[in-house]
Amino acid sequence: MRKILVALLAVLMVLGFTGCSGNNEPKQELYVFNWGEYIDENNITLFEKRYNCKVYYKTFDSNEEMYTAIVGGDKYDIIVPSDYMVERLIKEEMIQKLDLSQITNIGNLAAGLKSPDYDPSHEYSVPYFQGSIGIVYDTTKVTLEELEEQGWNILVNPKYAGEIYMYNADRDNFLPALKALGYSVNTTSDEEIQAAYQWLINQKKTMNPAYVTDEVNDNMIDGLKALAVAYSGAATYIMSENENMGYYEPKQGTNIWSDAMCITKNCQNLDLAHKWINFCLEPEVAEANSLWVGYTSDVQSVIDKLSSEGGEFYGINAYTPRIGYALDEEYHDDLTLKTKLAELWNQVMFAE
Amino acid sequence: MMRRLRKLLSGSYVWLVMAFFYLPIFYVMLFSFNKSKSLTNFTGFSLQWYQKMFESRSIREAIYYTVIIAVIATVVSTIIGTLTAIGLSKSGKILRTIVLQINDIPMMNPDIVTAIGFMLLFTSLNVEKGFGTILLAHISFCIPYVILSIMPRLRQLDDNLAEAALDLGATPFQALTKVIIPQLKGSIISGALIAFTMSFDDFVISFFTSGPKISNIAIYVYSSIKRINPTINALSTIIVVIVTTVLIIVNVVPMIRERRKRGIQK
């Protein structure tokens, strides 16, 4: 017993020493809270070297998780919430105004991100990644003409019964229904919501769709079904692994989203935080991130480079989501709507 | 004939259960060696995900904190849990029942409730979250498992042995370390192992008590699963290998020692 304890203590001490090494002088610190797998980590090291600082980089899995941690008093300098969450954080005064004069690279922003609904003049936030939701389809089974003709309604076309993946996530599950019926994704009308609910119930009865989340990627790469609702980022990956797959954004409109860098209210190092945002907008940095993650960059020159001939995502239209289309919408922060949709979605899931 | 059939059936049942347990793990391990990014199509052998894993500073830090927190939490919670259990076995029935019931609550409670509870507690006390807070949280949710593992064995102990030790001139501390604890050794070790694994793979409580500086393997893995990445498989493989090795050592070393002892006696 004693031997075991001694061994444990020895292990602890070794670990302790390696953990402390390199802590010889106090450096400036920056606390970043970002999505998991959302950065090329070499960029963190690069930033630390350039500004002689230490970056504490932590990851989260959902906006709500991040929000709870912030409300719970965790002190981060930079956070990267999604559109609707930026809206809420501005409302609740949990993030602060940016000093745009320090973010000289803001002109690099992609065309589609110049004025997002949640923060049109970038007072509080600078986009980090972006994307849309669309239909991934097997070009050997479905034609583009069919998709253009039917849009979201192809998901209720009996011809493809049993050939469909629906995306099972907050609000995204209602997107095809709302858009197929010509409604806004931010609708507050109970009638419209009920109609969308009926659409989903009918779909479940007639189409026998599979409700999935991220397993859709591998399943579509293997070509298991003909159609899938998917994020453009996932579609980019699917298309680069299986050239028979295509990505289509229906003319009835869809959801476009972006995640954006913000500086928290209790940021400890404003100077360094602005430097971080500016750093992420540099073309080389943004390119490395986009290549690593596979999502559409926030920097226009990177999008152009990677999607042009010879670029990593050449010929993959999912990498360049549609911009400036009137029927494409961002999700707005609306807790009542969100709760309502979640309840109805449960009923869809349990419907016979 | 009948007997042989029955044997065959019971044998295949065991294999079925084993397959159910181990196939997913095997699957994860297999795809950590995949050449491509896919998690369903094996295209060839490669070690690139292991290389990527060791290159990633986040993973290195996560492994470091996971191990150090698990080790400290195990040692501390095992000591506290063992002493509590021994104390309880000597206390009155009412007190014991009450404490044991309270001890059950953290285990029955959903993790998320415990996690938010810890978070609010630390926030309201204005404690900055970091290594200390996550460690405290881990120690506290490990203790009930240690107590639960030791209590049944304690009930079977012969009280007279400890008393005999005291009669024969042992100090109370000697009676504890030389008589009671050796008898409990098996259940203490199994309690410690449970505590270690609970701490090692905890996500929810860690996420809400760790603050901005600390991240463990569970937090890293959980926040990375949205994007396809076989480095997670590589990481899982290494964890499985470590855990298996530890279990083998824990089980095999006493056997070898026993055999050697018997050899000396002969």
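User: What distance separates the centres of domain 1 of chain A and domain 2 of chain A?

Analyst: Taken over C-alpha atoms, the two centres are 28 Å apart. Domain 1 of chain A covers 28-130 + 257-307, and domain 2 covers 131-256 + 323-350; such bounds come from an automatic or database domain assignment. Bear in mind that this is a predicted model, where local features need pLDDT of at least 70, side-chain atom pairs count only at pLDDT 80 or more, and totals for chains, interfaces and linings use all residues. Residues are numbered from 1 along each chain as its sequence is written, while chains are lettered from A and ligands numbered from 1 in the order in which they are written.

User: How many residues of each domain of chain A take part in the contact?

Analyst: Domain 1 of chain A puts in 15 residues and domain 2 of chain A 13, with contact meaning C-beta atoms, placed from the backbone, within 7 Å. On the domain 1 side, helix H4 (83-91) and E5 of chain A each give two or more residues.

User: Why are both faces of strand E9 of chain A called covered?

Analyst: A:Met245 and A:Tyr247 on one side, and A:Gly246 and A:Tyr248 on the other, are all buried. Buried means 20 or more other C-beta atoms within 10 Å of a residue's own, with C-beta atoms placed from the backbone. In a regular strand, side chains alternate between the two faces of the sheet.

User: How do you know that E5 and E9 of chain A pair?

Analyst: Pairing takes at least two DSSP bridges, and E5(A) (residues 125-138) and E9(A) have 4, in the antiparallel sense, so they count as paired. One partner in E9(A) is A:Gly246, bridged to A:Tyr137.

User: Which element of chain B gives the largest share of the side that touches chain A?

Analyst: The contact takes 30 residues from chain B and 32 from chain A. H3(B) gives the largest share of the chain B side, 8 residues.

Terms used: Contact = placed C-beta atoms within 7 Å. Buried ≥ 20, exposed ≤ 12 C-beta atoms within 10 Å, placed from the backbone.
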